[in-house]
Amino acid sequence: MSRPRKNHACKVGAYFDSTGEGSRVLIDIEHVFVELGGQPVLQDITFTLNDRMFLGVIGPNGAGKTTLLRVILGLVKPTSGTVCVMGMEPDELKGELHHIGYVPQSVLFDPIFPVSVYDVVMMGRICCIGRFRFAKKSDKQAVMDSIRMVGLEGLEQRLIGELSGGQQKRAFLARALCRETRILLLDEPTSGLDIPAQRQFMDLLTDLKERLGLSVVFVSHDVNVLAQHADEMVCINRSMHLHGKPGDVVGSERLQEAYRCEFDFLVGPGAHHPGIEGGH
Amino acid sequence: MLSYSFGQTALIGGLLIAITCALMSFFIVVRRLAFAGMGISHAAFGGVAIGIAAGVNPIVTAAGFCVLVAGGIGWFSRKGKLHEDTIIGILFSASMALGIVLIAAAHAYNQDLLSYLFGSILAVAWTDVLILAILTLLAVAFMLLFFKELLFFAFDEETATASGVPVRFVYYGLLVTIALTIVVSIKLVGIILVSALIVIPGATGLQLSRNYRRVIVFSILSAVISVVVGLQLSFSFNVASGATIVLVMFALFLIAVGISPRRSYMEALLSKRAKAKAQGSEVSQGEGSTLGPVDRAQPIETSLTVGDVETRVDD
């Protein structure tokens with residue numbers, strides 16, 4: 001497959017005006033190729049994230065999902081193709097980072113790292129506080145609001161390492177939300193959680209998305225988790241395999257092709273997937 | 001001890017070292033850079049040897065050499081070419097080997113070299129105190145100005161990068177500050193024991209609190225007490241100052257380990273006091289939020305409860 005050269009720059013412009021209303025397309029990825037260490041990791045990825053959309057990115061382990069998020073965040077430069085986030089290339093986003101919240105796949109911190117839930121969430125305010133400045137009253141208030149939103153009130157002074165896995169994920173979600181977040185990027189936030197904790201997290205996320213008007217990119221290898229909540233799904237395994245409504249994606253043979261396995265457990269008798277019709 | 005000029009310079013210099021090392025120690029312990037500190041401090045032997053062999057002030061050459069080694073550790077590990085501990089092991093032993101060869105070639109096995117290795121209460125002059133004061137100021141300024149960036153970087157480097165924290169600057173800045181702190185501490189504590197000063201205070205603080213602010217305060221307190229008591233012991237028993245300081249530091253660490261199981265009780269007491277103080281000045285809900293047009297202060301109605309706390313670290 002030939003690799004198209006970078007064909008156009010992003011449409012530079014203020015995506016969020018003073019009223020908080022923005023343009024429709026928040027993330028525009030066109031024909032993105034990424035190579036790491038000479039190995040192709042992503043090939044010809046194209047999709048858009050519209051305002052207030054919940055986009056699920058699925059794919060098997062090693063499919064390049066995390067790399068895709070890292071490309072959006074500007075942590076990995078694409079070999080070719082165009083990435084526009086809020087009308088800007090990711091490395092131009094410095095002044096707009098407070099609109100992007102990121103929940104990483106795993107934070108390998110020391111369990112005795114001496115920071116409380118409050119301290120961790122306050123880290124999310126770093127781009128609002130500014131350099132060489134201390135947190136103001138408004139920053140402290142924003143942190144407490146976020147902690148309350150994710151249901152961790154009363155635990156704000158607990159050491160982060162003392163929380164359960166599910167609570168830690170919620171603390172990291174609060175950290176991603178305690179800025180002026182419009183785009184929320186989540187990398188396998190439900191991995192390692194048991195089914196009830198996964199359900200709680202997804203319910204919380206869906207409520208927050210609606211209430212705060214967030215646009216969400218949720219990366220997971222678990223089709224089940226995303227099929228129930230996403231507005232649209234993208235299936236990648238280094239290259240794009242599918243893009244569409246959850247019902248179309250889950251029902252497609254190309255999904256099984258991408259995962260190189262069958263999804264009997266997903267679409268078998270008795271499985272219930274709200275919003276998915278004809279998912280067989 | 002203070003009636004002697006060397007005692008005064010050693011004490012002032014020692015206190016400056018204690019504050020810098022203790023501040024540094026917090027990040028070294030939480031970012032697990034203890035081996036890097038050890039590697040850089042032992043590499044200082046190569047730098048000191050270059051100075052002795054070339055007839056230049058060994059502290060100056062050690063400073064340059066340690067900054068280079070620190071940069072090398074950072075560059076190799078960030079490029080992913082080698083694991084951090086592997087490159088530290090290589091640079092640390094190669095620098096020591098270089099030092100041994102240079103010292104042998106210069107026939108410089110003498111008392112002066114021993115004072116660099118083990119530290120001496122007599123070795124700190126007023127010019128050293130001045131250099132110490134300047135470097136302490138720089139190191140403390142770096143850590144205070146970039147404290148929240150350093151904390152975020154130490155806790156979660158990837159998200160810090162995604163949040164616009166200049167992690168490369170912070171990482172190299174931390175390594176260079178560690179290198180310079182080590183170099184300025186050599187005269188008093190010695191190359192062999194200097195790494196203790198940048199590890200033990202942080203570890204002691206961590207035994208006494210789980211609040212990073214208090215960890216830092218306890219680190220500084222333990223380092224200051226160790227320097228004062230250690231220097232007095234060094235003076236009284238005519239023993240190398242580095243050894244006495246480190247032994248006092250270790251004793252304080254052991255005491256902290258003994259107190260550690262009662263830490264939660266102590267912290268509860270401190271929190272009660274803090275809460276009592278804060279009463280009346282509590283921030284009212286919804287006031288001054290900068291989170292944008294959406295009302296983010298409203299709690300979300302979900303089935304979540306906070307009753308499912310699992311305590312993994314038992315206080």
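1. Basis. Residues are numbered from 1 along each chain as its sequence is written, and chains are lettered from A and ligands numbered from 1 in the order in which they are written. Because the model is predicted, local features need pLDDT of at least 70 and side-chain atom pairs count only at pLDDT 80 or more, whereas totals for chains, interfaces and linings use all residues.

2. Chain B overall. Chain B has 14 helices and 0 strands; helices (H or I, at least four residues) and strands (E, at least two) are DSSP runs numbered from the N terminus. Of its 315 residues, 48% count as buried, that is, with 20 or more other C-beta atoms within 10 Å of their own, C-beta atoms being placed from the backbone. Among contacts (C-beta atoms within 7 Å) between residues at least 6 apart in sequence, 72% join residues at least 24 apart.

3. H2(B) with H4(B). Helix H2 (residues 34-54) and helix H4 (residues 84-105) of chain B pack at about 25°, with axes 8 Å apart; axes are lines fitted to C-alpha atoms over the stretch in contact, and angles run from 0 to 180 degrees between N-to-C directions. The two helices are therefore roughly parallel (angles under 35 degrees). H2(B) passes H4(B) in a left-handed crossing, the near helix being turned anticlockwise from the far one by less than a right angle. Residues in this contact include Gly39(B) and Phe45(B) of H2(B) and Leu91(B) and Gly99(B) of H4(B). By class, the contact has 17 nonpolar, 5 polar and 2 charged residues; Ala, Val, Leu, Ile, Met, Phe, Trp, Tyr, Cys and Pro count as nonpolar, Asp, Glu, Lys and Arg as charged, and the others, Gly among them, as polar.

4. H2(B) with H9(B). H2(B) also packs with helix H9 (residues 167-189) of chain B, at an angle of about 50° and with axes 10 Å apart. Ala36(B), Gly37(B), Ile40(B), Ser41(B) and Ala44(B) in H2(B) meet Leu175(B), Ile178(B), Ala179(B), Ile182(B), Val183(B) and Ile186(B) in H9(B). This contact has 9 nonpolar, 2 polar and no charged residues.

5. Arg70(A). Arg70(A) lies in helix H1 (residues 65-72) of chain A and is buried, with 24 other C-beta atoms within 10 Å. Not counting residues up to four places away in sequence, Arg70(A) touches Leu75(A) and Val76(A). Pro90(A) is 20 residues from Arg70(A) in sequence and 9.8 Å from it in space, C-alpha to C-alpha.

Notes: Buried ≥ 20, exposed ≤ 12 C-beta atoms within 10 Å, placed from the backbone. Contact = placed C-beta atoms within 7 Å. Parallel < 35°, antiparallel > 145°, perpendicular 65-115°, else oblique.
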